[in-house]
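Subject: Structure handover

Hi,

Here is the structure I promised to pass on.

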Amino acid sequence: NRRIVLASRPKGEPTADNFRMEEQQIPTPADGEVLLKVKYLSLDPYMRGRMSAAKSYAAPVEIGDTMVGGTVAEVVESRHPKFKAGQTVLSYSGWQEYAISNGKDLHVLDPDAAPPSTALGVMGMPGFTAYAGLLTIGKPKKGETVVVAAATGPVGSAVGQIAQIKGARAVGIAGGPEKCKALIEEFGFDVALDHRDPNFAQNLKEAVPEGIDVYFENVGGAVWKAVQPLLNDFARIPVCGLVAHYNEVAPPEGPDRLPGFMGQMLSKHLTFQGFIQSDFIEQYPEFLKEMGGWLAQGRVKYREDIREGLENAPEAFIGMLTGGNFGKLIVKVSE
Ligand code: NDP
């Protein structure tokens, strides 16, 4: 059983040295437990936070512990009354090939209903993040303008498409021309903008002649800076993630922009609300139903970036933090 543990805490951008591959015996399930064989491992930006000792909404991974993560797995041996060998389940087994579970974190998946890997993306946590954050906090209305970055990723792509289903205009921001092309051709955004373009701020201004009503904040950084002056009165800003800052080691140089920001928040009646998707967990059944319907109708498209082999997880994860992925990043751990 191979597993990847946290070897050391990163300073700034993680490196391969922060991870270590270990090999152990395949564990044996006790009474009330199942043995899982991991098929797919989800790689998500929040894992950068878990690598740090800094206080956050979830406990950090300890040095020497297996890296955490959502997984799709097969039950290979069951000593639990509710599960049987051969079932495909959504689990939280982390970066390893085999895991033991007491069943509490498991959800049985129907492999005929949707490809099991989608339970880690569009039909899973990231899709739900987009759905709950956009609809509960962003509340897009017909004819409004919704802006989102990291727009080819699993959260951003769902945000743009759900915004359009609600009748809003979707402006997607991504890194590079290839991703921008996908925003238009695959996901059907109304506008695609490259945040690496030196004229990005001006391009954004021209793309939103009526201002921005909802900014779904995934990244922070230069994108936020360009968005801020374009926000309309009563704009809503679901604060979902700040991936442009996750590898930072020190606060930015002055001047202090906070008073200016607070002033704008006041005078423009802005609503900012930070959230963790689990805040809205009671909406999960409704999400599965609605998103499942939109997928079946072809109204929501998704893209996966699947890498082969557990050993490639660290490199794929490190790359994702600066845009190395193109779609929901998943590692195929076994057949
Ligand atoms: P993605 O697959 O979209 O990966 C992250 C993307 O961020 C990269 O591919 C890159 O895309 C973009 N990015 C990185 N650095 C920058 C930068 N400096 N400027 C602009 N874009 C940048 O990730 P997810 O869809 O899984 O997650 C999106 C966001 O949602 C993250 O911030 C994540 O932490 C957050 N999140 C929050 C949750 C919550 O409960 N609050 C739950 C799940 C996710 P590109 O190449 O286009 O620049």
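First, how burial is counted: a residue is buried if 20 or more other C-beta atoms lie within 10 Å of its own, exposed if 12 or fewer, and partly exposed in between, with C-beta atoms placed from the backbone. Helices (H or I, at least four residues) and strands (E, at least two) are DSSP runs, numbered from the N terminus.

Two housekeeping points. This is a predicted model, so local features need pLDDT of at least 70 and side-chain atom pairs count only at pLDDT 80 or more, while totals for chains, interfaces and linings use all residues. Residues are numbered from 1 along each chain as its sequence is written.

**Helix H3**

With that rule in hand, H3 (154-165) is mostly covered, with 10 of its 12 residues buried. The buried ones are Pro 154, Val 155, Gly 156, Ser 157, Ala 158, Val 159, Gly 160, Gln 161, Ile 162 and Ala 163. Their cover includes helix H2, strand S8 (145-149), strand S9 (169-174), strand S11 (212-216) and strand S15 (328-332); some of that wording rests on contact, which holds if the C-beta atoms of two residues, placed from the backbone, lie within 7 Å.

The length of H3 checks out too: at 1.5 Å a residue its 12 residues should span 16 Å, and the end C-alpha atoms are 17 Å apart, which agrees. (The expected span is 1.5 Å times one less than the number of residues.) After H3 comes Gly 167, with a positive phi near 90 degrees.

**Domains and ligand**

The protein chain is divided into domain 1 (2-120 + 303-332) and domain 2 (125-280 + 289-293); the bounds come from an automatic or database domain assignment. Taken over C-alpha atoms, the two centres are separated by 28 Å. At the boundary, 13 residues of domain 1 are in contact with 15 residues of domain 2. The domain 1 side of that boundary has 4 nonpolar, 4 polar and 5 charged residues. For the classes, Ala, Val, Leu, Ile, Met, Phe, Trp, Tyr, Cys and Pro count as nonpolar, Asp, Glu, Lys and Arg as charged, and the others, Gly among them, as polar.

Where does the ligand lie relative to domain 1 and domain 2? Both domains give residues to the shell around the ligand, so it lies between them. The shell holds 32 residues, and the closest are Gly 153, Gly 175, Gly 241, Ala 244 and Gly 323; a residue is near if its C-beta atom, placed from the backbone, lies within 6 Å of the molecule. Helices H2 (125-138), H3 (154-165) and H6 (221-227) are the elements that give two or more residues, and the largest share, 3 residues, comes from H3. By class the shell has 17 nonpolar, 13 polar and 2 charged residues.

**Helix H9**

In H9 (residues 313-320), the buried residues are Ala 313, Pro 314, Phe 317, Ile 318 and Met 320. Seen down the axis, they fall within an arc of 160 degrees, so they line one face of the helix; the arc is that of the directions from the helix axis to the C-beta atoms. What covers them includes strands S1 (2-6), S2 (19-23) and S3 (34-42), helix H1 (46-50) and S15.

**Backbone spots to look at**

- Gly 254 and Pro 255 are joined by a cis peptide bond, with omega about 5 degrees. Pro 255 sits in the loop between strand S12 (231-239) and helix H7 (258-267).
- Lys 139 is not a glycine, yet has a positive phi of about 45 degrees. Lys 139 is in the loop between H2 and S8 and is partly exposed, with 15 other C-beta atoms within 10 Å.
- Phe 234, also not a glycine, has a positive phi of about 65 degrees. Phe 234 is in strand S12 and is exposed, with 10 other C-beta atoms within 10 Å.

**Two single residues**

Ala 119, in the loop between strand S7 (107-109) and H2, is buried, with 26 other C-beta atoms within 10 Å. Leaving aside neighbours within four places in sequence, Ala 119 is in contact with Val 72, Leu 90, Leu 109 and Gly 124.

Ile 184, in helix H4 (residues 177-185), is partly exposed, with 13 other C-beta atoms within 10 Å. Beyond neighbours within four places in sequence, Ile 184 is in contact with Phe 189 and Ala 192.

Cheers
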